[in-house]
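Here's a quick tour for anyone meeting this structure for the first time. Have a look at the sequence and the model, then work through the notes below.

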Amino acid sequence: MANILYVAYPLLTVTEESAGGAEQVLWTLEREMACRGAHTTVAASAGSRVSGELFATGEPCVERDDYDRRRIEHEDRVVAFVQEREREREGMPFDLIHDMSGSFWRRAAEIDTPVLATLHLPRSFYPEGVFDNVPEDVSFNCVSDSQARSFANLDAMAGVVPNGIALDRFDLPERAARKSSARNRLLWLGRICEEKAPHVALEIAARAGIPITIAGQVYPFSYHQEYFDREVVPGLKSMSDAEFVSSPSGRVKRRLLHEAKALLITSLAQETSSLVAMEAAASGAPVIAFKHGALPDVVRDGVTGFIVDDAEHAVEASKHVEDISSASCVQHAQANFNAAKMAERYTDFYARLMRAEKALQFTSE
């Protein structure tokens, strides 16, 4: 079986409790691949908890606005680690590097191992010109058809692998056992920043007259903290029935989803996927989401929730969430968001890229 190095986003740790989508996907995929017999190593911040081996590249960021220094440290150490493996004739060099960091692939010219880089963000979020000179051994994949359309002119595109979640972490009977009268709060769950727009969720809840819980993590960036202080804190204070849960654990997150009347996804960005919408479906909770990016592909309108154009339509949709069946949500999640399917697709990608690398080595000898 393949020997794979996964490169994580360097800011924080990779664990089951990770807040970021890229970290969650990496944790889930690496777990699946290790169960399938692959030899997996994860290059990530110290304190990460993974299924295979951990190569710790440094401490996670604790100081605000320390990301650029941490990224360089992280990438330098990964390059040196891979180069050392490539020199070890009796060791175990990597067959493939799967870059989930969003940036390590730019260092691929310094190593001989092929790199698959998963693009997690909308095209507009990447710096202008970053894809102009892609190293030869780099291939990319998108996580949705919606996202892939914006990368149609990227020659190194290998295809699309939709994200999946660890369905075994979610349990419908837990939600079914709770009385419907207890599911009287809206929920917003995610990374707290301006483009995710929890302040809009507070506005929707206030206009709908429904209590709301805002749960998430503020990353160590000044502009994220400033946004939270400027837009979210006043909104929380203005509503007597609004509450804030900081950096919820996996257990707390699952409880909040099981107890939610509905999950609000108010992102203003062209989302490439939505793990939280998948988790809500797996928990039997309806979703009310804005019609941005891939959200209409993840939320099945009228079956697992409602796709809306704006806050006004979200308020109206909140009156109809009782029409959404918890069982239908779970069935949709099981059919479409299984992490095993994600792992199968990546296994096919890995095999194709490794065959291409071996063919290239053969023709160059």
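Helices (H or I, at least four residues) and strands (E, at least two) are DSSP runs, numbered from the N terminus. This is a predicted model, where local features need pLDDT of at least 70, side-chain atom pairs count only at pLDDT 80 or more, and totals for chains, interfaces and linings use all residues. Residues are numbered from 1 along each chain as its sequence is written, and side-chain values use heavy atoms, with hydrogens and water left out.

**Seven-stranded sheet**

- Let's start with the open sheet of seven strands, which pair in parallel in the order β3-β2-β1-β4-β5-β6-β7; two strands pair if DSSP finds at least two bridges between them.
- At the edges sit β3 (53-56) and β7 (157-160), each pairing on one side only.
- From one strand to the next, the twist averages 20 degrees (axes are lines fitted to C-alpha atoms, for helices over the stretch in contact, and angles run from 0 to 180 degrees between N-to-C directions).
- Strand β6 (residues 138-142) runs parallel to β7, joined to it by three bridges, and here F140 stands opposite M157 in β7.
- Helix α1 (residues 21-35) packs on this sheet and touches β1 (3-7), β2 (39-44) and β4 (96-99), with its direction at about 170 degrees to that of β1; contact means heavy atoms within 4.5 Å.
- Helix α2 lies across β1, β2, β3 and β4, and runs at about 170 degrees to β1.

**Six-stranded sheet**

- There's also an open sheet of six strands, ordered β10-β9-β8-β11-β12-β13 with parallel pairing.
- Its edge strands are β10 (242-246) and β13 (305-308), each of which pairs on one side only.
- Neighbouring strands in this sheet are turned by 20 degrees against each other on average, direction ignored.
- Five bridges pair β9 (residues 212-217) with β10 in the parallel sense, and T213 stands opposite E243 in β10.
- Helix α7 (residues 250-259) packs on the sheet against β8 (185-191), β9, β10 and β11 (260-265), and its direction makes about 110 degrees with that of β11.
- Helix α8 (residues 275-282) packs there too, touching β8, β11 and β12 (287-290), with its direction at about 165 degrees to that of β11.

**Nonpolar cores**

- A nonpolar core is a set of buried Ala, Val, Leu, Ile, Met, Phe, Trp, Tyr and Cys residues joined through side-chain atoms within 4.5 Å, where buried means under 20% relative accessible area, exposed over 50%, and partly exposed in between (1.4 Å probe, protein chains only).
- The largest core has 86 residues, and L29, I212, L263 and Y350 have the most contacts inside it.
- Helix α12 (residues 339-364) supplies the largest share of this core, eight residues.
- Leaving out residues up to four places away in sequence, Y350 touches I4, Y6, L29, M33, L96, H98 and L116.
- A second, separate core of 27 residues includes F81, V82, I97 and V115.

**Salt bridges**

- Count a salt bridge when a side-chain nitrogen of Lys or Arg is within 4 Å of a carboxyl oxygen of Asp or Glu, and you get 23 of them.
- E73 bridges to R77, with the closest N and O atoms 3.5 Å apart; the two are four residues apart in helix α2 (residues 67-87), so about one helical turn separates them.
- E110 and R107 meet in a salt bridge at 2.5 Å, N to O; E110 is partly exposed at 37% relative accessibility, while R107 counts as buried at 17%.
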